[in-house]
Amino acid sequence: METWNQTSDDFILLGLFPSNQTGLLLLFLIIFIFFLASVGNSAMIHLIRLDPRLHTPMYFLLSQLSLMDLMYISTTVPKMAFNFLSGQKGISFLGCGVQSFFFLTMACSEGLLLSSMAYDRYTAICHPLHYPIRMSKMMCVKMILGSWILGSINSLAHTVYALHLPYCWSRAINHFFCDVPAMLPLACIDTWVYEYMVFVSTSLFLLFPFLGITASYGRVLFAVYHMRSKEGRKKAFTTCSTHLTVVTFYYAPFVYTYLRPRNLRSPAEDKILAVFYTILTPMLNPVIYSLRNKEVLGAMTREFGIFFAKKQ
């Protein structure tokens with residue numbers, strides 16, 4: 001039977017995998033995905049910074065998405081891997097608060113940023129003459145700062161509330177990171193008011209942006225369908241389908257997880273869904289945006305060409 005040396009303020013993360021050989025193999029798979037996500041998002045940020053042809057609003061926003069994904073996956077996977085390999089499932093009270101804060105900040109900020117990216121494509125395709133004004137450099141900066149600031153404020157409110165709850169009985173969180181909804185069953189008080197606030201917050205930062213993105217791309221696809229240029233129609237459809245793929249992978253499991261009532265949720269299902277938006281999505285985003293984007297592939301070819309030229 002496993003034991004943990006912890007102070008009364010520590011929490012226990014029960015983790016994602018069982019402590020056996022199968023769990024170890026699955027953990028190595030997650031570590032490999034973490035490596036791919038780190039390399040892919042770092043390369044995307046570096047590529048957009050270096051190549052002048054990618055200094056446009058869409059790629060400026062994309063570089064921020066890569067930064068968020070890099071921080072996103074770094075918030076959960078290293079601690080999960082350390083706990084599994086060391087056999088020490090504990091996490092300090094402060095560490096749990098820090099992890100919860102950064103996770104919620106990235107989750108909310110990325111949801112808002114994806115909305116900004118959808119608005120960018122909507123403006124570029126449906127209102128091309130107004131694009132330089134509506135999507136100026138200053139507007140991009142405002143969108144990015146707004147995403148970070150609003151996400152941080154929302155995250156801080158949730159984290160402070162969760163850490164001030166009186167916890168009793170067990171302090172074992174049935175998750176692989178400090179997710180606030182997974183912490184609520186451990187509280188000694190009725191948390192229905194806070195659960196309602198989680199519903200409101202999820203609606204504001206995830207559901208409404210998702211509905212806005214869906215409406216924007218509906219208009220975009222309508223405009224693309226009526227384009228006269230076959231090449232322009234193909235390029236616009238490729239870009240939009242790429243963005244919709246990212247949005248679906250990110251929003252669907254997130255909204256399904258956080259908008260369900262507690263009596264319809266199960267810890268095992270929540271952990272599986274969390275793998276999608278905390279681990280798989282940060283790995284898939286750079287792959288989707290690079291392999292399905294000729295401009296990014298062209299930038300990769302130019303930069304690698306320079307690299308090999310210098311090596312020779």
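This is a predicted model: local features need pLDDT of at least 70, side-chain atom pairs count only at pLDDT 80 or more; totals for chains, interfaces and linings use all residues.
1. Buried means under 20% relative accessible area. Tyr194, at 6% relative accessibility, therefore counts as buried.

2. A pair of aromatic rings is described by the distance of the centres and the angle of the planes. The structure holds 16 aromatic pairs. One of them joins Tyr72 and Phe103, with 5.8 Å centre to centre and 50° between the planes. That geometry is tilted. Tyr72 sits in helix α2 (residues 57–86) and Phe103 in helix α3 (residues 93–126). The two residues are 31 residues apart, so the pair links distant parts of the chain.

3. Are Tyr72 and Phe103 buried or exposed? Tyr72 counts as buried, because its relative accessibility is 0%. Phe103 is also buried, with a relative accessible area of 0%.

4. Tyr161 and Tyr194 form a stacked pair. Their centres lie 4.4 Å apart, and the planes make an angle of 10°. This pair also links distant parts of the chain: Tyr161 belongs to helix α5 (residues 137–163), Tyr194 to helix α7 (residues 192–225), 33 residues apart. Tyr161 has 32% relative accessibility and therefore counts as partly exposed. Tyr194 is buried at 6%.

5. Which residues form one aromatic cluster? Tyr72 and Phe103 belong to it, together with Phe176, Phe177, Phe210, Tyr250, Tyr251, Phe254, Tyr258 and Tyr277.

6. A charged residue also meets a ring. Arg171 lies over the face of Phe11, at 4.5 Å from the ring centre.

Notes. Residues are numbered from 1 along each chain as its sequence is written. Side-chain values use heavy atoms; hydrogens and water are left out. Rings of Phe, Tyr and Trp (its six-membered ring) pair if their centres lie within 6.5 Å; planes under 30 degrees apart count as stacked, over 60 as edge-to-face and the rest as tilted. Helices (H or I, at least four residues) and strands (E, at least two) are DSSP runs, numbered from the N terminus. Buried means under 20% relative accessible area, exposed over 50%, partly exposed in between (1.4 Å probe, protein chains only). A charge sits over a ring if NZ of Lys or CZ of Arg is within 6 Å of the ring centre and within 35 degrees of the ring normal.
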